[in-house]
Amino acid sequence: MTKTVVLGALAGVGLLAGAAGAATLDDVKQRGTLNCGVVTGLPGFGAPNANGEWEGFDVSMCRAVAAAVLGDPTAVQFVPTTGKTRFTALASGEIDMLARNTTWTFSRDTDLKFDFIGVNYYDGQGFLVPKALGVTSAKDLDGATVCIQTGTTTELNLADFFRKNNISYEPVPVETQAEGQQQYLAGACDTYTTDASGLAATRATFENPGDHVILPEIISKEPLAPLVRHGDNDWADIVRWTLNALIAAEEMGITSANVTELAASAGDNPEMNRLLGNEGNLGEMIGLSNDWAVKAIGAGGNYGEIFEKTIGENTPIGLARGLNAQWTDGGLLYSPPFR
Amino acid sequence: MSDTHAQSVPFVRESFIPEAPPPETDTGVVAWLRKNLFSTWAYALLTIAALYVIYVILAGVLPWLLNGVWNADSIQQCREILAGERGGCFAVLTERWNQLLFGFSYPTEAYWRPTLAFALLFVAAAPVLFTSVPRILLVATLLYPFAAYWLLWGGTILAPLVGLLGVIGGYLVYRRLIDRSFAYGLLGGIVAAAAIMWLGGFVVADQPRFLSLLPVQSRDMGGFMLNMLLGVICVSLSLPIGILLALGRQSSLPIIKWICVVFIEFVRGVPLITLLFVANVVLAYFLPPGTTFDLILRVIIMITMFASAYIAEVIRGGLAALPRGQYEAADSLGLDYAQAMRLVILPQALKISIPGIVNVAVGLFKDTTLVSIISMFDLVGMIRGPILASTDWGGVYWELFGFAALLFFVVCYGISQYSQWLERRLATDHR
């Protein structure tokens, strides 16, 4: 009897579900917290620290959006998701946005009905090999055993790469980054392949990082992007322009240290004035207060600051900016104008 | 005379030979060794091989254990301290012990609450587990679920109090009506309990700060606490549900029988991990966005369903093992169904089922680690997720998983020892 009641209740709320959930912004404001999907743990990109606070590159994106929308970078409910549960969590409305090193692909954008709001990290798949193997190029890996995470885009890229170069390999399937690292160190495979950022993070925890090299070939494009559900373009705009604000802030030299000072009064740079709310009404256009960008930048700094703090060269991860430098420095980061 | 006699008995010993120790080869360490370890040359070879294996294992483990580093901030520091020597990096345990036990977001200043709840668990469980404990302590058992809820989740004490009042009120009404019929009493009890809880809900909403502890969200629970919580709740819920299912499966009422059969067979035919995915992922599609139908509650429901189906089958085995005469004897005493089951059949059937029930309980407790797959941070989830993903502790495997294994072993071994003691006490083999 209780079962039927539960099922009936489920069916009832299921009908309600369609009616609710149109305006994510209103939901978030009413709730007072942003539900942000993150990884269960990836070095540098998102993990709780010893005090239980989430930190990392993707986590900072959640905090910036929460600051822009709610004015408080800590008003985030982090929902940890695995590779298997991330898309259903977003599609079902359990989370408002997903910032979880997710590759922007055609089918995820269209078939799975998500909107990727812009790339926050340009990654690519690489190979990690022991120096002792004496390999200098991925094309020398003919016949190698390769540790590879199952169910990821990297698995497909690997097959493509070896087929294109007409060489063979033997896959050793692993489930998680930690398992891959263990198998690789135990010698179960000659090389470990995943996103280059992940390889760098993995190598950073080795006992002798110097004994291992990341091969120069990057065999795929892995643009990692935060994403939201289809169907609420206003909300997508807010998340997209928060990311753009962080990127533009770095380009204009706005940092978490000087943002309050710069925002206090209108300066010489009209675009900076518009971004910081001293001219025009950009905030209003997306349904936020005019100092939304000030708060977003104040949360964790501009894009460059976040990068340096979480995964940059001074952290154990030690990633160079590379493709993720501003376009003025030869990278790919290029924010559309704030006008 | 005496001469004659003396000749008929050629020799009479007049003193005892002093007791001599058994021969050297038949006593002490040597004999034990010869008898148990070196009785034939084949056994001798095996003994030597086994000793060698033990030596190799100890030679590897002992330096690692004894030379371990307990004070460091990261694995890199551990390696510096060890400077190439062999040794475990147990500093991860000293730094992250709280996350391993309580999860990473349980408020630090409230750690005493789950600890107290854990300690009280023994008080509450004692009268159920040991008959020598004074019966008056059963009151503690009754109060425990409400006290534990208050301690773990916090909030006002009124909420669990209202729950308790509802249960007591329901029970009183049930006692009043049971004379007319069992169904009547049950229905009345449930209605009364629901009414009290509904009315009490207004009081709770009105006084949210009355004797209030810092409220903790379900999603902030984690670590070994989450495993214990799921294990204890699901085992204690699934036992009564399992009994009902087992009885229902034997019922002569076709609808009840078929509901029970379908439920048991369906749930047993589906892997637990599938049910957990349903709880986590599929149910979310049916609920409106932003509904807070607690994930822990969903998981508890699923695990309880799973465990009760198994326990039902174990108990059905116990029921089937009872001689037909026991059922008939109960009937001939003029007992009705409920009385016959309660007084005659179930005590015997449950006694037979103890090993099976314990087996399910131990398995279930270990299965609670599966929730790490649906991104809940139980003990294993904490290790696999946040701790191994931190740049400080990435690469510390043996120490962390060894610690997890130790905790689970202690609990499971305890359960198993208890059940063996109980079996000896109840002497189920009808000697």
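Which domains does the domain assignment of chain A give? In this predicted model, chain A is assigned domain 1, formed by residues 24–122 + 224–329, and domain 2, formed by residues 125–220. The centres of domain 1 and domain 2 of chain A, taken over C-alpha atoms, are separated by 30 Å. Contact between them involves 12 residues of domain 1 of chain A and eight residues of domain 2 of chain A. On the side of domain 1 of chain A that touches domain 2 of chain A, seven residues are nonpolar, five are polar and none is charged.

Between the chains, 36 residues of chain A are in contact with 29 residues of chain B. At least two residues of the chain A side are supplied by each of helix 1 (2–19), helix 2 (24–31), strand 2 (47–48), strand 4 (76–81) and helix 7 (177–185) of chain A. Helix 1 of chain A provides the largest share, five residues. By class, the side of chain A that touches chain B comprises 15 nonpolar, 17 polar and four charged residues.

The largest nonpolar core contains 164 residues, of which A:Cys36, A:Cys62, A:Val65, A:Ala68 and A:Ala296 touch the most other members. Helix 13 (residues 295–321) of chain B contributes the largest share of this core, 14 residues. Domain 1 and domain 2 of chain A each supply at least three residues to this core. Another core, of five residues, lies apart from it and includes B:Ala117, B:Ala148, B:Leu151 and B:Leu152.

When residues up to four places away in sequence are not counted, A:Cys62 touches A:Leu34, A:Cys36, A:Val38, A:Val76, A:Phe78 and A:Ala99.

How values were computed:
Residues numbered from 1 in each chain as written. Chains lettered and ligands numbered in written order. Predicted model: local features only at pLDDT ≥ 70, side-chain atom pairs only at ≥ 80, totals over all residues. Domains from an automatic or database assignment. Contact = placed C-beta atoms within 7 Å. Nonpolar A, V, L, I, M, F, W, Y, C, P; charged D, E, K, R; others polar. Helix = DSSP H or I, 4+ residues; strand = E, 2+ residues; numbered from the N terminus. Core = buried A, V, L, I, M, F, W, Y, C linked by C-beta atoms within 7 Å. Buried ≥ 20, exposed ≤ 12 C-beta atoms within 10 Å, placed from the backbone.
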